[in-house]
Every structure is written in structure tokens, then in C-alpha cells.
Amino acid sequence: MIELYDLLEKISDGKRVMLFLGSGFSIGAKNHNNNRLPIGSQLAKYIYTKCGIKDGDSDLQFAAEKYIEKYGISALIQSIREIFTIAEYESYYDSFSQQKWFRIYTTNYDDLLENIFIKNKKLIDSASIEQDIASYRNKSNLVIHLNGYIKELSQSNIDNFFKLIGRSYLVDTITSSTWYEQLKADINIADVILFIGL
């Protein structure tokens with residue numbers, strides 16, 4: 001069986017490889033409570049349970065709104081930080097730090113990729129789409145968090161740039177951000193686009 005490192009090396013050999021990550025990418029990681037990271041529907045059920053709602057559906061936006069009604073927005077932010085801040089991960093992830101990525105985009109909130117690079121003494125820069133692209137345009141090994149980044153979650157961005165509660169989904173932050181044209185350009189010039197966990 002081919003090893004992950006060999007596969008990634010074969011895919012990226014001399015090419016501009018854009019990595020695009022979804023929630024399935026993070027299934028081999030755990031937070032500080034020793035729990036695996038949930039995908040959207042699992043997170044919704046967890047939030048409903050915390051609100052005392054046993055038969056909650058998979059509507060994350062509605063679940064988050066219920067949590068805010070019961071405990072407040074600060075409590076939701078604290079809970080989301082605890083869930084999506086990485087404490088440990090499976091060793092196979094280290095292969096991702098050994099590649100030079102043309103660009104990395106993720107829909108994930110977590111800091112898994114950043115932890116992988118730091119542990120392996122590799123440089124990585126992180127950005128979310130609320131930041132101006134000018135500071136990041138020429139960076140390599142750059143991960144762009146399209147739905148928000150856990151280390152930047154705050155009361156000032158949970159209504160718009162951090163995609164969690166209903167109000168944030170009403171704001172079209174991607175197409176109105178400075179990253180939209182960059183994303184389209186990156187897609188056009190990438191030799192390979194590797195999707196994992198979507």
C-alpha cells in the first residue's frame with residue numbers, strides 16, 4: 001500500500017498544488033478535552049444537547065442561536081474555542097507539512113494545519129477572509145480559513161466572518177472580500193487541486 005507521504009509527493013512533484021480542506025480532514029485530531037472534532041451535523045447535535053434539546057436536527061445555525069439564547073454569545077464563543085482548538089493528532093498528518101503547497105484553502109475553523117506545521121518546525125501563515133489580502137498575497141504555505149479561524153473568533157466577527165450562527169450566513173463575506181479574486185486566480189493557475197474531507 002502506498003504511504004501518504006509518497007502519494008502527496010507524487011501528486012505535488014514539480015506542480016503548483018492547491019490543497020482544499022473540509023471537515024473530514026480533521027477526523028484524526030482531538031481537542032483539549034480528548035474529543036475528536038465534530039463535523040457540522042455532529043456539532044449541531046452537541047449544541048442542542050447542551051441546550052437540553054434531545055431531538056435537535058442537524059441545523060447548526062439554529063442550534064447556535066438556541067445556545068446564545070440560553071447561555072449568551074460569550075459562552076458560545078468559549079465552547080467553540082474548546083471544541084476546535086487542537087491538542088493532538090494522528091502521526092499521518094505530519095506528511096502534509098513536508099510538501100510545498102501553492103495555496104491552502106479550508107472551510108474548517110480549527111488550527112490543525114497550523115499545529116502540524118509548528119510541530120514539524122515548518123513555517124505556515126494563517127489568514128481568514130476578513131483580513132486584507134495585501135499582507136498575504138506572496139506568502140507560500142499559506143492557509144486561508146474561508147469560514148473563520150478559531151484563533152480569531154470574537155464577538156466582532158461571529159455575526160459575519162465566522163460562519164456559525166444564522167446572521168453570519170446572511171452576509172456574503174467571500175465574494176465581497178479581497179480574497180475572492182485571489183481564489184479564482186489560484187484555481188485557474190493551479191496544476192492540481194487536491195480536495196480532502198469535503
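This is a predicted model: local features need pLDDT of at least 70, side-chain atom pairs count only at pLDDT 80 or more; totals for chains, interfaces and linings use all residues.
Begin by selecting the side chains of Phe, Tyr and Trp. The structure holds 9 aromatic pairs. Take F25 and Y93 as the opening example: the centres of these two rings lie 5.2 Å apart with the planes at 75 degrees, so the pair is edge-to-face, since planes over 60 degrees apart fall in that class. Colouring by secondary structure shows that the pair links distant parts of the chain. F25 belongs to the loop between β1 (17-21) and β2, while Y93 belongs to the loop between β3 (86-89) and β4 (103-106), 68 residues apart. With a surface displayed, note that both F25 and Y93 are buried.

Now select F102 and R103. The charged end of R103 is placed over the ring of F102, at 5.3 Å from the ring centre.

N34 lies in the loop between β2 (29-31) and α2 (40-50), and its phi is near 65 degrees, a positive value in a residue other than glycine. N34 counts as partly exposed because its relative accessibility is 47%, which is between the limits of 20% and 50%.

The last stop is K121, in the loop between α5 (112-119) and β5 (125-128). K121 is another residue other than glycine with a positive phi, here near 55 degrees. At 76% relative accessibility, K121 counts as exposed, the cut-off being over 50%.

Methods: Residues are numbered from 1 along each chain as its sequence is written. Side-chain values use heavy atoms; hydrogens and water are left out. Helices (H or I, at least four residues) and strands (E, at least two) are DSSP runs, numbered from the N terminus. Buried means under 20% relative accessible area, exposed over 50%, partly exposed in between (1.4 Å probe, protein chains only). Rings of Phe, Tyr and Trp (its six-membered ring) pair if their centres lie within 6.5 Å; planes under 30 degrees apart count as stacked, over 60 as edge-to-face and the rest as tilted. A charge sits over a ring if NZ of Lys or CZ of Arg is within 6 Å of the ring centre and within 35 degrees of the ring normal.
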